[in-house]
Amino acid sequence: MRVGIGYDIHRLSPGRPLVLGGVAIASPAGLVGHSDGDALLHAACDALLGAAALGDIGEHFPDSDPAYDDIDSARLLTAALEKTRAAGFAPVNLDANILAEQPRLSPHKAAIRERVAQLLGLPVSRVSIKARTHEGLDAVGQGQAIAAQVVVLLEEAQP
Ligand code: MG
């Protein structure tokens, strides 16, 4: 068994589409990034890569590479999963925190959970998505950014 941790934060900007966990969410502001800014999937990539000791998302998908301009982060997670599997590991479960003051994410947690499970090839029962605010504190709490924390457990894949 191998455990990995991932963290990411992106700035919110008015008029940008908001995508979290591969799910489009209606919002007056979305996340700014070289890709679609999906902080949850970026943190999931880092958790997978971290558990397999394969480095980090910036090494594998550098934002200086135009191939990743505005890329759907689901493609990054799929690629990170392929690298993890190639190293001999398979995901067991994922647990995530999304830190956002707005929009309220409780109506979207089920869809995000299903999408993340689908991307990882896991049953929904092995994926947990939690959401919380920052109580008005700091950049997240003041609605300027959304952050995500992800923990993933890997097991050595059967040959
Ligand atoms: Mg990111």
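Which strand is Ala-148 found in? Here are some friendly notes on this predicted model, starting with that residue.

1. Ala-148 sits in strand E7, which covers residues 145-156. Ala-148 has a relative accessible area of 0%, so it counts as buried. Leaving aside neighbours within four places in sequence, its contacts are Gly-6, Tyr-7, Asp-8, Ala-39, Leu-40, Ala-43, Asn-97 and Ile-98.

2. Next, the metal site. The magnesium ion has three kinds of entry to look up: Asp-8 through OD, His-10 through NE2 and His-42 through ND1 are its protein donors, at 2.0 to 2.2 Å. Along the chain, these donors follow the spacing D-x1-H-x31-H. Because His-10 belongs to strand E1 and His-42 to helix H1 (residues 39-51), the pair ties together parts 32 residues apart in sequence. His-10 counts as buried because its relative accessibility is 13%. His-42 is buried too, with a relative accessible area of 8%.

3. Now the nonpolar core. The largest one has 47 residues, and the members that touch the most others are Leu-20, Leu-40, Leu-94, Ile-112, Val-116, Ile-129 and Val-150. Helix H1 gives the most to this core, with 10 residues. As a general point, nonpolar side chains in soluble globular proteins tend to be buried together.

4. Not counting residues up to four places away in sequence, Ile-112 touches Leu-20, Gly-21, Val-23, Ile-25, Leu-40, Ile-98 and Ile-129.

5. How many salt bridges does the structure hold? There is 1, and it joins the side chains of Lys-130 and Asp-95 at 2.7 Å, N to O. Lys-130 lies in strand E6 (residues 127-132) and Asp-95 in strand E5 (residues 89-99), so the pair ties together parts 35 residues apart in sequence. Lys-130 is partly exposed, with a relative accessible area of 34%, and Asp-95 counts as partly exposed at 30%.

6. Last, the surface. Val-3, Ile-5 and Val-151 make a nonpolar patch of about 300 Å². Val-3 is found in strand E1, residues 2-14. Is Val-3 buried or exposed? Val-3 counts as exposed, because its relative accessibility is 57%.

How values were computed
Residues numbered from 1 in each chain as written. Predicted model: local features only at pLDDT ≥ 70, side-chain atom pairs only at ≥ 80, totals over all residues. Heavy atoms only, no water. Patch = residues over 30% accessible without salt bridge, like charges linked within 9 Å, V, L, I, M, F, W, Y side chains within 5 Å. Areas by Shrake-Rupley, 256 points an atom, 1.4 Å probe, with all protein chains shown as cover. Salt bridge = Lys/Arg side-chain N within 4 Å of Asp/Glu carboxyl O. Helix = DSSP H or I, 4+ residues; strand = E, 2+ residues; numbered from the N terminus. Buried < 20%, exposed > 50% of the residue type's maximum accessible area, 1.4 Å probe, protein only. Donors = N, O, S within 2.8 Å, 3.2 Å for Na, K, Ca; no water. Core = buried A, V, L, I, M, F, W, Y, C linked by side-chain atoms within 4.5 Å. Contact = heavy atoms within 4.5 Å.
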